[in-house]
Amino acid sequence: MATTLAQYTPLPRVPRTLAVRHLGPNWYATVMGTAIVAGAGAALPVRVPGLHTACTAVWALSLLTLAVLLVARTLHWAHHRDQALAHLLDPAMAPFYGCVAMALVSVGGGALTVGRDWIGLDAALALDGVLFTVGTALGVAVAVTVPYLMVVHHRIEAASPVWLLPVVAPMVSAAQGPLLVPHLPAGQWQGTLLLTCYGLFGLSLLAVLLMLPLVFGRLMTGGPLPLALTPTLFLVLGPLGQSTTAANNFADAAPHLPYGTTLAVLYGVPVMGFSLLWLVLAGALVVRAHRKGMGFAMTWWALTFPVGVCVTGAEGLARHTGLTPLLWLAVGLYALLVAVWLVAAVRTVQGLISGALLAAPPVPSPVTARTT
């Protein structure tokens, strides 16, 4: 991931099964980053001509990307099981299995918010129901399995923001689940799903609160991250923005519950304040890394989904408070999201065309591999 695009040269055509050998679970971040552009744009509390249609098209792109990746990753496990197992035992790659669950749930949620315009409500409900169920089950499994592997099998030198990926996956389900509540039979079905989302919220939030001090402590004691990993600092925004979004969606899904909106605002505003603080800090470190020669890597996709859920968090707060500054905060963050998504998408397409992003990672020489 640390190798830049400029260091690669176009590669000869290889068999399809070899082309996916080095396709890791981190590629699902492209689906997440694309789906959130659609979902966040559709919920903006401003009217822009053509915006909803554009968001629907972007969601369709995320659905297509998800389908392609599911096929490619199936080939990966079928023909390169050794590499797939190596990814699970790699402390730098295993946490990205959380992206698989989040990609499924994000695309499913987009089906109800924007996809229904093209595929119809019934198809959107069926698609969201399947993707939400599978993604949530996988997210909970990953939230348990990856930390277990980190304790038992991985040999870790220092904390990393990617540690947040497996434990934030249930929070994505908690935020998207309320969209399905109105479509279920009243009573036990709606109550069970909503209570499940509250449980997923607590599961993820408490796990994140254990991880965040380790990540911040790593920065304070170890200095800046390696250049190629610097964009992963934006992953901290993921649980912050997603939990704010979830709290607001809970209030929308259960307006009869006392103090639901008040609790959403009391939780969301302080968390959004810290999110903006971290956004400035992480942004400054990314600018520093860029000036020092940071090239493109798949870690750039870390700039998309976390910013996107901050957009949806700000949208929810604007909806429940009626405050104009929160509305414009959502608009400003969405402009940033679209900008970084376009850059990451274009550079990814270039890397695929050249073969750089699917090439084997370079083997370090004995000199560079030596430690002191």
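Is Asp252 buried, partly exposed or exposed? Asp252 is partly exposed, with a relative accessible area of 39%, where buried means under 20% relative accessible area, exposed over 50%, and partly exposed in between (1.4 Å probe, protein chains only). Before moving on, note that this is a predicted model, in which local features need pLDDT of at least 70 and side-chain atom pairs count only at pLDDT 80 or more, while totals for chains, interfaces and linings use all residues. Residues are numbered from 1 along each chain as its sequence is written, and side-chain values use heavy atoms, with hydrogens and water left out.

Helices here are DSSP runs (H or I, at least four residues), numbered from the N terminus. Arg319 also counts as partly exposed, at 45% relative accessibility.

Next, select Val271, which is placed in helix H10 (residues 260–291) and is buried, with a relative accessible area of 14%. Leaving aside neighbours within four places in sequence, Val271 is in contact (heavy atoms within 4.5 Å) with Leu240, Ser243 and Thr244.

Then go to Pro91, in the loop between H4 and helix H5 (97–119), where the residue is partly exposed at a relative accessible area of 24%. Not counting residues up to four places away in sequence, Pro91 touches His154, Arg155 and Ile156, and the C-alpha atoms of Pro91 and Ile156, 65 residues apart along the chain, are separated by 6.7 Å.

Finally, colour H3 (residues 51–79) and helix H4 (residues 81–88), which pack at an angle of about 105 degrees with their axes 5 Å apart. H3 is therefore roughly perpendicular to H4, a label used for angles of 65 to 115 degrees; axes are lines fitted to C-alpha atoms, for helices over the stretch in contact, and angles run from 0 to 180 degrees between N-to-C directions. Residues making the contact include Arg73 and Trp77 of H3 and Leu85 and Leu88 of H4.

Terms used: Helix = DSSP H or I, 4+ residues; strand = E, 2+ residues; numbered from the N terminus. Parallel < 35°, antiparallel > 145°, perpendicular 65-115°, else oblique.
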